[in-house]
Amino acid sequence: MLLVSRTQSRLAHSLLLLKPSAAHSFRYLTDMASEGGKSFARRDRLREIEVKVQKWWEEKEVFRAEPGDVNPKPGEKFFGNFPFPYMNGYLHLGHAFSLSKLEFAAAFHRLRGANVLLPFAFHCTGMPIKASADKLAREIRNFGDPPVFPTQIEDEEQQQEDEPSGDGAPPDKFKGKKSKAAAKSTGQVYQWEIMRSVGISDAEISKFQDPYKWLSYFPPLAVEDLKAFGLGCDWRRSFITTDMNPYFDSFVRWQMRKLKSMGKVVKDVRYTIFSPLDGQPCADHDRASGEGVQPQEYTIIKMEVVTPFPEKFKVLEGKKVFLAAATLRPETMYGQTNAWVLPDGKYGAFEISDSEVLILAHRAALNLAYQNHSRVPEKPSCLLELTGRDLIGLPLKSPLSFNEVLYALPMLSILMDKGTGIVTSVPSDAPDDYMALHDLKAKPAFREKFGVKDEWVLPFEVVPIIDIPQFGNKCAETVCLQMKIKSQNDKEKLAEAKKQTYLKGFTEGTMIVGEFSGRKVQEAKPLIRTKLLETGQAIVYSEPEKRVMSRSGDECVVALTDQWYLTYGESEWQKLAEECLANMSLYSDETRHGFEHTLSWLNQWACSRSFGLGTRIPWDEQFLVESLSDSTIYMAYYTVAHHLQNGDMYGSSDSAIKPQQLTDDVWDYIFCDGPYPKSTDISSSLLDRMKREFEYWYPFDLRVSGKDLIQNHLTFCIYNHTAIMAKHHWPRGFRCNGHIMLNSEKMSKSTGNFRTLRQAIEEFSADATRFSLADAGDGVDDANFVFETANAAILRLTKEIAWYEDNLAAESSMRTGPPSTYADRVFANEINIAVKTTEQNYSNYMFREALKTGFYDLQTARDEYRFSCGVGGYNRDLVWRFMDVQTRLLAPICPHYAEFIWRELLKKDGFVVNAGWPTADDPDLTLKSANKYLQDSIVTMRKLLQKQLSGSKKGNKKGPPVSSLTESKVTGLIYINEQFDGWKAECLSILQNKFDRDTQTFAPDSEILEALQQSSVGQSSNFKQIQKLCMPFLRFKKEEAIALGTQALDLRLPFGEIEVLKENLDLIKRQIGLEDVEILSAADPDSFARAGKLATLLNQNPPSPGNPTAIFLTQ
């Protein structure tokens, strides 16, 4: 019973530190948390604290940002921002995750004493809101107000059960189901149902037919949620976009005029992803899917159908009819042997002019119609519906082919959603073509199945056209034989063969036929393509690289559009963007590579739209500025927004400045160091204040964003700043993150795995939500918000509050004076380590690591201190220091909790959010190592005791077996050897000689082994046996030296092991549950004799530096 009673006594001692009333309070909260999750007392306590703290902040305007009197030195100010969210709904945890990175960074800089500006605005530009409003209007027009959608008759009771409360609050969670109306009719989700699902009442929904209702409804709710989240924002500077805000509208007009005056905006005809339903280009933010997809350009080879036409084609007589084969390799057309069609594919014969007809897939015809290749612009004109079977056997004349006539043949692997559905066959250089032709020739039954005549296939042989080193002049045949590809069904092998031949053909191939024979393929390809286009034997065709769906619900095409473009990619502008990027902090190699890649391909960007909300192009008001083009330098607008808008995000309040006073000269003066605007009637003092604000805060120090915006918004931000701003105002840093998952699954409304920010705060509290967001992850890979972590945070934070209350109440019983015991010194050192490492983690914006070092590790150190103190108890000053430091270190992540402790419990003045970073002495790494040695030794002793007394090969982790200790007294003998000797000492000496301290590297293993063989150890007769021990020891010590430094190769540890263990003998006794423990030197013969008959254990496991050996004697 000895160990049980001692364990109970340790628990009893820790409870003695609690006053009865406080202990009762703690037990009450603990009980409340254990009622199977049914009680929310702890969470509600946190939420009450949050409301109280937010009121304190608001009353004292803690987050109001004002510029200093002089320009700040590095580190004295921090301006961070976040891409303004789109206001067609509530903010969700995806927004909160990215935003939390900025919030934690800003809070850290504020805590360190920097002057911090964190503003926030709301994006309403573009088509999604307008499209949703129009969709809602159509539903009301078609189905009534409120609408009655087509659906099966529902049981009245069930219908009532499913109706929302109509109180305007968002639901507890998003259901993973479509509405009944949607699910039981066409499968479409109605806009009315979407509005209802987020808690908007039926009485309110019809008002959202007006798109500006969205702008007045959702931004104020977002402000409420962000305030509840504890965002340290200067809300005076908030604004919405679009012409609803006349001040921001003026700012965007100035920006566009300035870019145009610099030649950065031009009107041009280009291929653009386009929404036929919206009648305008569909940029990334206008897409429901397909973000980042670009137009893919092909060459359509016009393969003329030879007359006379088959009977089914009689309607086409009098016109030139072509199969339209899309290719990326026009230089290979010399080697055509046939065309491929999909037997069951659906095709059409489409008029592209009065005299010409192209046969191709309907989807491709729609793309062509938007590229000026249709008799009726933007409307495909189909004269005849066809299937692939109708095309098989058609005789064709194809440009450049050495075969005078070739035929359309069946291929089963053609994709109708890629290209035109017609493929021209070049078996000399295309492995797929080679194997398909091979199969047709080798399988009469296959030919018979599709009515293919022998003369359409058998006479056609591979035509050599390109010579490729390594593969010869029939590369497809060569590679297929080398890879032992048996048929066209070997998809994986064919894909690899295609990769090899296409790459080698382009980079190393030489033309051996035609006008450009002898020239490299790279040179000949554009020349051959140009010739085909100029002679009318081919046309340019473009389509989206992948499927793109607009937010209006239609599939996008590629259109040739005449509109306004920003000239991204222009060489001189690109050089400036690359210079800006090179000097920015990006915190990740992957992020930098993403920007470099984007800058390498990004070209002209369509910046005008004809549909949606926004600012009009000032010189061409039929167009709007698209949503990614009015959001590139608006960070500068934050610096003056409060002067213009008087704290009203809509810019509708009375202000000392009117929108019409904001001329281009005024904007130039503020942001571009232009001359003072002579004609302005704005007061000079106000103008100078705005200019001063901009000069003080700019450039911004950090912009936090999801990594998906690298390919557009963030790169546009760089481009526009380099064009408009002076070099010293270019952006300083971007920090990009991945998406967030919920409980290891993709966040999705359709599956129900979704939380709005409001729901998360209501479910977990703001600080527990923030805690879990910090814990979710920091890199550019997707992070994971775990509900269990948020719930555990509720428990941890409330228990910590109770611990603070209990120990503050009991402080009069604590020891006073400076830290005096070993446990005191270790705890004080752990606090210093936490201060230093957490500061570094926050500085690197590694918030998960900051949470670990500033909270988890410090909690572990505190708990270890509690166990180590023994009967002497806590040191009062050290406990106060812990409470002060712990509160500050956690303040950026859990500010409400920290503020409550700071003001209510610690009774400190001011606010913790700007209290200053705690000071700390340099960590004593030797003491840390000594303590780790102590703790590891105790664990080892406990396991050895269990093993020895139970006879078990594995120790019982739960504690020593009680039954073996009830009858006998047990004495523990701990043997120490403080210096390596024998072969280990020789190994360390060799490693010391073979270690380069400048490069922190070792000589090659072969050199180390040779030195070992030549040493005294190597000359011994039993070297082979010793060598088996030496090699793992050498490996271990090499790794340790690289990680810790050369001290790992010393013969002794940097502290006295016997001294550490003797100083903590009382702790050891309590931890392993023995009253009699001795610390002995293995070098002392008398000590060795004490082991008695268990001396064999010492011989089997002799102690070495860092590894004591414990034996236990029973009497």
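A pocket is an open set of grid points, on a 1 Å grid over the protein atoms alone, with protein on both sides within 12 Å along at least five of seven lines, and its lining residues have an atom within 4 Å of a point. The exercises below apply this to a predicted model.

**Exercise 1. Describe the second largest pocket: how much space lies in it, and which residues lie nearest its centre?**

Solution. Begin with the volume, for which the computed value is about 1,200 Å³. Next, turn to the lining, which is made up of 40 residues, and note that Lys-1037, Glu-1040, Leu-1053, Pro-1105 and Gly-1106 lie nearest the centre. Then ask where the lining comes from: the elements that give two or more residues to it are α29 (822-843), α33, α34 (982-993) and α37. Of the contributions to this lining, that of α33 is the most, with nine residues.

**Exercise 2. Lys-1037 forms a salt bridge with Glu-1040; in which helix do both lie, and how many residues apart are they?**

Solution. First locate the pair: both residues belong to helix α37 (residues 1023-1044), where they are three residues apart, about one turn of the helix. Then check the distance, which is 2.9 Å between the closest N and O atoms, and compare this with the cut-off of 4 Å for a salt bridge. As a last step, consider accessibility, where the limit for buried is under 20%. Lys-1037 has a relative accessible area of 7% and is therefore buried, whereas Glu-1040, at 22%, counts as partly exposed.

**Exercise 3. Which parts of the chain does the pair Lys-908 and Asp-884 tie together?**

Solution. Start from the salt bridge itself, in which the closest N and O atoms of Lys-908 and Asp-884 are 2.9 Å apart. Lys-908 lies in the loop between α32 (895-905) and α33 (925-950), while Asp-884 lies in helix α31 (residues 876-890), so the pair ties together parts that are 24 residues apart in sequence.

**Exercise 4. Which residues are linked with Glu-61 and Arg-64 in a network of salt bridges?**

Solution. Take the pair first: Arg-64 and Glu-61 form a salt bridge whose closest N and O atoms are 3.5 Å apart. Arg-64 is partly exposed, with a relative accessible area of 39%, and Glu-61 is also partly exposed, at 46%. Then widen the view to the network, which links Glu-61 and Arg-64 with Glu-66, Asp-234, Arg-236, Arg-237 and Glu-693. For the whole structure, the search finds 66 salt bridges.

**Exercise 5. Is Leu-757 buried or exposed, and which residues does it touch?**

Solution. Leu-757 is found in helix α26 (residues 757-764), and at 1% relative accessibility it counts as buried. Leaving aside residues up to four places away in sequence, Leu-757 touches Leu-91, His-92, Leu-93, Ala-96, Asp-225, Leu-226 and Phe-229. To see how the chain comes together here, take Leu-226, which is 531 residues from Leu-757 along the chain, although their C-alpha atoms are separated by 8.2 Å.

**Exercise 6. Where is Ser-100 placed, and what lies 2.6 Å from a polar atom of its side chain?**

Solution. Ser-100 has its place in helix α4 (residues 93-111), and its relative accessibility of 0% counts as buried. The atom at 2.6 Å from a polar atom of the Ser-100 side chain is the backbone oxygen of Phe-97.

Key: Residues are numbered from 1 along each chain as its sequence is written. This is a predicted model: local features need pLDDT of at least 70, side-chain atom pairs count only at pLDDT 80 or more; totals for chains, interfaces and linings use all residues. Side-chain values use heavy atoms; hydrogens and water are left out. A salt bridge is a side-chain nitrogen of Lys or Arg within 4 Å of a carboxyl oxygen of Asp or Glu. Buried means under 20% relative accessible area, exposed over 50%, partly exposed in between (1.4 Å probe, protein chains only). Helices (H or I, at least four residues) and strands (E, at least two) are DSSP runs, numbered from the N terminus. Contact means heavy atoms within 4.5 Å. On a 1 Å grid over the protein atoms alone, a cavity is a set of points where a 1.4 Å probe fits but cannot get out, and a pocket is an open set with protein on both sides within 12 Å along at least five of seven lines; lining residues have an atom within 4 Å of a point. Grid points are joined across faces, edges and corners, and a volume is the space filled by probe spheres set on the points. A polar contact is a pair of N or O atoms within 3.5 Å; within protein, one must be able to donate a hydrogen and the other to accept it, and residues adjacent in sequence count only if both atoms are side-chain atoms.
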